[in-house]
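Here are a few friendly notes to read alongside the structure. Take them one point at a time and find each place as you go.

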Amino acid sequence: MPEIQELTNSDDEYQDAVSSDNDATAQKSSSVDANSNASIVDEIIKQQNDLHLYEECDDSTQASTSGAADGGDENVPEYAHDDIDEEAMKEKEKSMTHEELEANKEKAQQMKLKANELFKNNEAEQAIDIYTEALGICPTTYTKDRAVLYGNRAAAKIKIENKKPAIEDCTKAIELWPEYVRALLRRAKLYEHEDKLDEALADYKRVYELDPGQNEAREAMLRLPPIVEERNERLKAEMMDKLKDIGNMILKPFGLSTSNFQMQKDPNTGSYSINFNQNSS
């Protein structure tokens with residue numbers, strides 16, 4: 001599969017995850033037409049096992065990491081794992097002032113910047129720890145900020161081959177920000193890697209709805225349906241073989257086998273009828 005195409009940078013820390021340069025989008029949209037779909041599908045199928053799941057963190061804004069949490073602030077909790085009790089956070093936030101919440105948001109932002117640098121320097125595990133700490137203090141009302149933290153942590157988990165927890169983080173990010181294109185695309189690739197093709201296709205379709213210029217999503221929408229159909233037919237055939245084996249075991253004492261029963265499919269409804277043939281061997 002082709003490498004993830006990073007979207008155009010923006011000074012807006014949210015905007016870069018949902019939009020791209022208009023000219024680039026127009027160029028992408030015009031690069032695939034009806035006459036070239038077949039060649040695209042052929043090329044992508046050849047590359048389908050080369051899932052590129054590694055990409056830079058979502059926040060591409062260049063900023064100083066000075067002032068990032070160093071563990072000495074008593075207001076910054078330490079986490080031995082990445083479970084965040086958001087309900088407990090919401091309860092605690094009820095007694096906090098606006099200034100305290102804003103201060104925690106700023107601390108979380110600085111932590112994110114520090115974790116981003118660690119990620120870029122191939123220190124993914126340390127980045128995960130800091131993203132987790134940031135999630136532990138970033139106010140729950142700042143849903144997009146928290147979504148980006150989950151999305152970035154997912155990218156770091158992918159880098160250390162921790163794919164199933166990465167899917168969970170992508171899902172949390174999407175729940176907080178349903179239009180988060182990068183998290184959707186990241187989860188689609190993870191689903192495809194885990195052979196969850198129906199889920200992957202659904203995410204690719206959603207990405208394409210949000211960003212029609214997203215080539216990877218468009219190509220996946222061409223590539224995956226025939227693969228899904230072939231897989232379903234294979235699974236159906238395997239199921240029928242197993243049912244025949246069970247049927248033969250049951251019918252054997254009566255001198256019968258599944259060969260005595262012929263299934264005919266109704267082309268209009270797709271349902272089956274069974275006919276008994278006593279003389280069938």
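**Notes on the model**

1. Let's begin with a helix pair in this predicted model. Helix α6 (residues 143-159) and helix α7 (residues 163-176) have axes that come within 8 Å and cross at roughly 165°. Angles over 145 degrees count as roughly antiparallel, so α6 and α7 are roughly antiparallel to each other. The crossing in which α6 passes α7 is left-handed.

2. Which residues make the contact? On the α6 side they include Thr-143, Arg-146, Tyr-150 and Ile-158, and on the α7 side they include Pro-165, Asp-169, Cys-170 and Leu-176. Sorted by kind, the residues of this contact are nine nonpolar, two polar and five charged.

3. Now for the backbone. Most residues other than glycine have a negative phi. Glu-161 has a positive phi, near 60°, and sits in the loop between α6 and α7. With a relative accessible area of 47%, Glu-161 is partly exposed.

4. Asn-122 also deserves a look: its phi is positive, near 60°. You will find Asn-122 in the loop between α4 (98-120) and α5 (124-137). Is Asn-122 buried or exposed? Its relative accessibility is 58%, so Asn-122 counts as exposed.

5. Finally, two annotations from the record. An unreviewed UniProt entry lists residues 89-121 as "coiled-coil region"; in the model this stretch is 85% helix and 0% strand, with its end C-alpha atoms 31 Å apart.

Technical notes:
Residues numbered from 1 in each chain as written. Predicted model: local features only at pLDDT ≥ 70, side-chain atom pairs only at ≥ 80, totals over all residues. Heavy atoms only, no water. Axes fitted to C-alpha atoms, helices over the stretch in contact; angles between N-to-C directions. Helix = DSSP H or I, 4+ residues; strand = E, 2+ residues; numbered from the N terminus. Parallel < 35°, antiparallel > 145°, perpendicular 65-115°, else oblique. Left-handed = near helix turned anticlockwise from the far one by under 90°. Contact = heavy atoms within 4.5 Å. Nonpolar A, V, L, I, M, F, W, Y, C, P; charged D, E, K, R; others polar. UniProt positions renumbered as here; feature names shortened; annotations may be inferred. Buried < 20%, exposed > 50% of the residue type's maximum accessible area, 1.4 Å probe, protein only.
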